[in-house]
Amino acid sequence: SDVLLSVRDMVVDFPTRHGLLRAVDHVSFDLSRGEVLGLVGESGAGKSITGAAIIGLIEPPGHISGGTVHLDGSRIDNLGMEEMRRIRGKRVGMVFQDPLTSLNPLYTIAKQLIQTIRTHLDLTEKQARARAIGLLEEVGIPAADKRIDDYPHQFSGGMRQRVVIALALCAGPELIIADEPTTALDVSVQSQIIDVLKRMCAEHGTAVILITHDMGVIAEAADRVAVLYSGRIAEIGPVREVIKQAKHPYTKGLMRSIPTLTQTNDRLTQIPGTMPRITDRPEGCAFAPRCGHVMDICRSQQPATRSVGNCEVACHLETEGGAS
Ligand code: SF4
Ligand code: MG
């Protein structure tokens, strides 16, 4: 089938002194081959934890308490650590905010790329080096055949993130999880890096989960977007449709925060109020304390997810026959 990744009813809990913190609360979505799915939301909405849970990287005592993850039809959330490590190296690549988390400062770029390639693909040293240089050229490293023998500190932040993208792609993964890949970079290079990520994944047929707090990045790069709020998906659908006609009141607020669409610099914080701490999430809809459309039912009942057009929306306005 065309579905590469299927996440169903994912629940991730962290025990804390104040009780169980439910960081991800029944999140479900599918990702098609070659598709770019954005996960967007404020800090603490559960985006990074969702990404980490998919590839078995939740740090204990945090744990997945429910749900399933299927990759290409096979269940992967119940695999052992060794099998999961193999999937992370070969079938799922990762790009994090800080390129230096992915690169070893003590080794040349050549050593790291060639080692990763040869761990996962049956190539000679010479073939692996040629593949590595080819990838560095593709991500836009000038004089790649020379620069490959440099160390990470000899590259600028933007060039390092290009190297990390090459590293994430070098074993030919089906999926890349990119968590705030441009947040640590100069504004001037951010959209170049998004372009490189998008182009490389398109050319290699790699699907992407793009995690970001920045709706502008989503608008630029994603095919579909899932808007997370307080550990739940508020709305998910094709980016064009969500941007043109957001349905969930929180998503509407997010859309007003895209500077390029409104010519202002309003940020997510311009939505009045703050996201509830996940330990004192209200009963009913978590957005109720900030919502301009709040109804009585919103404070007592969690909204179910309904299909509206090509989107899925969790809001009582869509279930009560209310305004649209
Ligand atoms: Fe607002 Fe109610 Fe919809 Fe929540 S369910 S977003 S409170 S209208
Ligand atoms: Mg994060």
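Which residues of strand β12 point one way, and which the other way? Cys311 and Val313 go one way, Glu312 and Ala314 go the other, and all are buried. By buried I mean 20 or more other C-beta atoms within 10 Å of a residue's own; 12 or fewer is exposed, in between is partly exposed, and the C-beta atoms are placed from the backbone. Side chains in a regular strand alternate between the two faces of the sheet.

Quick housekeeping. This is a predicted model, where local features need pLDDT of at least 70 and side-chain atom pairs count only at pLDDT 80 or more, while totals for chains, interfaces and linings use all residues. Residues are numbered from 1 along each chain as its sequence is written, and chains are lettered from A and ligands numbered from 1 in the order in which they are written. Helices (H or I, at least four residues) and strands (E, at least two) are DSSP runs numbered from the N terminus.

β11, residues 305-308, is antiparallel to β12 over four bridges, with Val308 bridged to Cys311. Those two strands make a hairpin with two residues between them, and Gly309 takes a positive phi near 60 degrees there. β10, residues 232-238, is also antiparallel to β12, over two bridges, and Ile236 is the bridge partner of Glu312.

Now ligand 1. It has 14 residues around it, and the closest are Cys285, Ala288, Cys291, Cys298 and Cys315. Near means the C-beta atom, placed from the backbone, lies within 6 Å. By class that shell is eleven nonpolar, three polar and no charged. Nonpolar covers Ala, Val, Leu, Ile, Met, Phe, Trp, Tyr, Cys and Pro; charged is Asp, Glu, Lys and Arg; the others, Gly among them, are polar.

Next, an open sheet: four strands, β2-β1-β4-β5, with antiparallel pairing. β2 (19-32) and β5 (74-75) are at the edges with a single partner strand each, so one side of each has no neighbour in the sheet. β4, residues 63-71, meets β5 through two bridges, and Leu71 stands opposite Ser74.

Last stop, Gly46, in the loop between β3 (36-40) and α1 (47-54). Why does Gly46 count as buried? Because it has 25 C-beta neighbours inside 10 Å. Leaving out residues up to four places away in sequence, Gly46 touches Ala23, Val24, Leu228 and Gly231; contact means C-beta atoms, placed from the backbone, within 7 Å. Val12 is 34 residues from Gly46 in sequence, and their C-alpha atoms are 9.1 Å apart.

Note on methods. Contact = placed C-beta atoms within 7 Å. Pairing = 2+ DSSP bridges.
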